[in-house]
Amino acid sequence: MRYAVISKGLPLERLEAEAKKVGARDIRRPKLLGQIYCELDEGQLARLSQVPGLAVKQVKEFRADQVAVAPPTAETISGVFSILRSYFSPPLTGTGLTVAVLDSGIRKTHESLKGKVVYERNFTDSPTAEDIFGHGTQVAFVVAGGTPGGEKAGVSPGAVLFNIKVMNDEGIGTDEDIVLGIDEVCELAQRARMNGLYPTDEMYPNVINLSFGAEDDGDPDNPVRVAAREASIDYGLDVVAAAGNFGPKMTTITIPACEPEVIAVGAILTLGELEIWERSSRGPTVEGNTKPDFVLWGTDIEMASEDADDEYVTKSGTSFSAPMLAGLTGLLWESGRRAYGEAWYFRWTQARELAPYFSTKPANAAVKKDNTYGYGLPAMGTMLGQVSAVRTPEQQLMEAMSGMTVMTMMLGMMGGFI
């Protein structure tokens, strides 16, 4: 049986040496993250588990989940974000943002995704990084599909994508494949910094999107949780994950969204007054943490199809709320750079500390972070002009979120409110 061996203080070389000492087979190790994978029988497992400074976890499956629905008959998310982008002069596009989509692959020949994939790797046993299952193509579209003025477009059509295939052609992946994918993105981020690239360079990843999940077992040493935590803390990457589609029951937030360091995103109805989607997973996590962190629209989303280069499909799920937040990073960051210069950087991980000041939720929801809406729906404000006075990063973030709020227009179109 296959296991992950996770460092609890031991270096990677020592982990591998201890595994070899007990006779582990087919050893595979990430380049940066403190884990290795190997085959162990029961006796080998028992001996290795007794070694101080490591934890041994059985490899488990993760799944990409989605709900197919009829094509939308009302205003689409593409149209709403188009209005938001065009409110600025020149219009925002999300340029400078690179999102690593760890999923079932991307159909990069689709008319809405041509030229968007700048790097790809396949960590599954499927033959290519092409998307057969369909999920990854839809996630990619939500982040960066289309063109800024096009009829069908994602949130940040000026952004680019890393296609990191960790889900096979049936939409199933193991934590081994996922960890290796996260490790690959961390290495690319480290390489970009060592080469002196600016964060806006297309080969400098900024966000990892994980629109899949497995049942929360309350284990902080889960390999995917450990990898996501390291990617955020050690490599400065925002890790955004789907909350899961297992509501309305409580304690249904999936791994990796249950990890405190990960930005968990639930789904609200695309049409309506900020009403939570019934199937959006709720907290608390098994460990008792309040989740999700934010909610965004997640129903009746029109996206690129994996079947043909000019076809589109409509689906629902928190799988698409997560990349909406990932794509929103590009618009917030670009508007901030215009106001504060190229050195201004935006991370949701840091923004969570001020989330109550820039998020909105229904009047009957808890004012503080709750297990249904989290902090609520992020409301993006404008950042116009040059700032003459020196401001702290906290002041800059507050100004960025509380200026002339055009999200009011978006919420009005969608039937919502601020």
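Accessible areas come from the Shrake-Rupley method with a 1.4 Å probe. In this predicted model, the protein exposes about 15,800 Å². Carbon and sulfur atoms supply 51% of that area. The protein has 418 residues, and 60% of them count as buried. Its secondary structure comes to 11 helices and 18 strands. Contacts were also sorted by distance along the sequence. Among those between residues at least 6 apart, 76% join residues at least 24 apart.

Seven of the strands form an open sheet. Their order is E8-E9-E7-E11-E12-E13-E14, and the pairing is parallel. Strand E8 (117-122) and strand E14 (294-297) are the edge strands. Each of these two pairs on one side only. On average, neighbouring strands of the sheet are turned by 25 degrees against each other, direction ignored. Helix H4 (residues 135-144) packs on this sheet. Helix H4 touches strand E7 (98-103), strand E9 (160-165) and strand E11 (207-210). The direction of H4 makes about 160 degrees with that of E7.

Strand E11 can be followed residue by residue. Val207 and Asn209 point one way from E11, while Ile208 and Leu210 point the other way. All four are buried. On one side, E11 pairs with E7 in the parallel sense over four bridges. Here valine 101 stands opposite asparagine 209 in E11. Four bridges also join E11 to strand E12 (residues 238-242), and these two strands run parallel. In this pair, isoleucine 208 stands opposite valine 239 in E12. The chain crosses from E11 to E12 through helix H6 (residues 223-233). This β-α-β crossover is right-handed.

At the E14 edge of the sheet, strand E13 (residues 263-268) pairs with E14. The pairing is parallel and runs over four bridges. Isoleucine 268 stands opposite tryptophan 297 in E14.

Helix H1 (residues 12-21) contains glutamate 16. Glutamate 16 has a relative accessible area of 17%, so this residue counts as buried, the cut-off being under 20%. Leaving aside residues up to four places away in sequence, glutamate 16 touches Ile27, Arg29 and Ile36. With one of them, arginine 29, there is also a polar contact. That contact joins the two side chains at 3.1 Å.

Technical notes:
Residues are numbered from 1 along each chain as its sequence is written. This is a predicted model: local features need pLDDT of at least 70, side-chain atom pairs count only at pLDDT 80 or more; totals for chains, interfaces and linings use all residues. Side-chain values use heavy atoms; hydrogens and water are left out. Two strands pair if DSSP finds at least two bridges between them. Axes are lines fitted to C-alpha atoms, for helices over the stretch in contact, and angles run from 0 to 180 degrees between N-to-C directions. Contact means heavy atoms within 4.5 Å. Buried means under 20% relative accessible area, exposed over 50%, partly exposed in between (1.4 Å probe, protein chains only). A polar contact is a pair of N or O atoms within 3.5 Å; within protein, one must be able to donate a hydrogen and the other to accept it, and residues adjacent in sequence count only if both atoms are side-chain atoms. A crossover is right-handed if, with the strands pointing away from the viewer, the path from the first strand over the helix to the second runs clockwise.
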